Amino acid sequence: FVPPQEDQKGPPGPRPLPLLGNLLQLDLKRPYETLLKFSRKYGSVFTVYFGPKKVVVLVGYQAVKEALVNRAEEFGERDLTPILEESSKGHGILWSNGDSWREMRRFGEATFREFLADKKAWEDKIIDETQHLIKVFRKFKGQAFDTNQPMNYAISNIICSMVYGSRFQYDDPEFISLVERIYVPIELTGSPSLQLYNLFPCIGPLVPNKTRFLQLSMISQKKNLEIFRHLKETLNPEKCRGFADKYLLHQQQLEASGITNIHFHIDNLAMTVIHLFAAATNASSASLKWGLLFMAKYPEIQDQVREELTRVAGSRQVQEEDRKNLPFTNAVIHEVQRFASIIPISIPRKTSQDVTFQGHFIKKGTAVYPLLTSVLLDETEWERPQSFYPAHFLDNDGNFVKRDAFLPFSAGQRACLGEGLARVKLFIIFSTLLQHFRFTPPPGVSEDELDLTPVAGVTLIPSQDISAVPVSD
Ligand code: HEM
């Protein structure tokens, strides 16, 4: 292996070894930490080799914004690993490119806009699910527990309501395996053997996790096709139950008007739905889990949130409408997303053409990793980047202020499709839980002793148990 010629003109970076590239220098459990370290030496645009794979890393608000927003087209393609290429087959939204992605993205944006316009219906689904979540939290009677599973179930069910039009009971075996098919592939993606397979695809037959990943993907595809068959039998243009109905109706309209669109077919719907579950669930539940853990860690901030909620909403259900009157709560939720920085390396992009960026040549098709954590913790943008400090989002009069460098949903043409929906979800669930529970460290553990180390993986997830003590008790 000889690094190609263009590297000499490309962004600088640590010297790669043949075949291994910079793998020996990278902390593979927390690669973002090594990348941050490299940036201190090589600047805000540098090259690193994950084995034979060349990657250009973007660091800090200025570089990330310039690439993803000002040069949106050039940095607007998704970089696919072999396993994702095999499972997605060019379909869906998250792991696709070109015309198919454009059509699915446009359809997704229009549909989500409609959902948000009918705010009440979307909000009611979230409120309904939050009530189920509260019942589960109550069962622990104030004992410390792992918030992972209850949160994953609630969030997955909200996406079920959004996509299929109905929720499941938590103990329904169909639902339990559906949730497993969402979270297990995400865990597998972060496993060392699949990471190795993605760098050296020739070892494929030796990687059981690859077979498991593809099996789960196939089962998801099959199950979705079954659900769509049922939905199709009862499809009613007057009463659209969710995303899948919208798509099926759109497909019917195209057929009825004789328009041929090769991208609107049932396999593309199934993969789009699988991608929506993958993108929507993990990130939302991780953000909420961090939110509750930070409340246990910083009780004075928790008290201030609850005081504001009580003053504005009393004991009635908080609604999205209330957000404008809850600047402190709003600021805390934003600070949770900033400080937890749950997707430290954004979902990989690649260049769609040869690019000269900040004086460096980057060849078409080069993988690009926007280091989102370096934006959310950028010392030139945030007053106290390394502290949990809700005042980042408040002015001197306590009003909420937006911040340019707040990019947990990334930016540009591949930015998070569900940002609007995610924001409503985080606000309603976080506020409602705080109305009902006081979150504390487990008995015998002090706030200082709470463990904020995330579980290693693509998304950062807390591992610390906490207690949810009902406030009315
Ligand atoms: C707190 C919650 C969430 C966070 C932090 C988050 C963050 C992200 C990030 C960083 C990306 C990569 C964007 C890029 O490449 O520039 C992304 C992509 C995406 N997200 Fe989210 N997301 C969240 C929730 C959701 C929800 C609720 C949905 C759907 C309802 C969703 C749907 C998507 C989709 C479809 C993509 C792929 C977009 C594309 O490739 O065109 N996300 N998200």
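Me: Is the crossing of α5 and α15 left-handed or right-handed?
Reply: A crossing is called left-handed if the near helix is turned anticlockwise from the far one by less than a right angle, and right-handed if clockwise; the crossing of α5 and α15 is right-handed. This is a predicted model, in which local features need pLDDT of at least 70 and side-chain atom pairs count only at pLDDT 80 or more, while totals for chains, interfaces and linings use all residues. Residues are numbered from 1 along each chain as its sequence is written.

Me: At what angle do the axes of α5 and α15 cross?
Reply: Two packed helices are described by the angle between their axes and the distance between the axes. Here the axes of α5 (residues 119-139) and α15 cross at roughly 40° and come within 10 Å, with axes being lines fitted to C-alpha atoms over the stretch in contact, and angles running from 0 to 180 degrees between N-to-C directions. Helices are DSSP runs (H or I, at least four residues), numbered from the N terminus.

Me: How do α12 and α15 pack?
Reply: Helix α12 (residues 299-313) packs against α15 at about 95°, the axes being 10 Å apart, and the two are therefore roughly perpendicular to each other, a term for angles of 65 to 115 degrees. Val305, Arg306 and Leu309 of α12 make the contact with Ser431, Leu434 and Gln435 of α15, where contact requires C-beta atoms, placed from the backbone, within 7 Å.

Me: Which helix gives the most to the shell around the ligand?
Reply: That helix is α11, with seven residues; α11 spans 266-297, and α15 (419-436) also supplies at least two residues of the shell.

Key:
Angles under 35 degrees count as roughly parallel, over 145 as roughly antiparallel, 65 to 115 as roughly perpendicular and the rest as oblique. Two residues are in contact if their C-beta atoms, placed from the backbone, lie within 7 Å.
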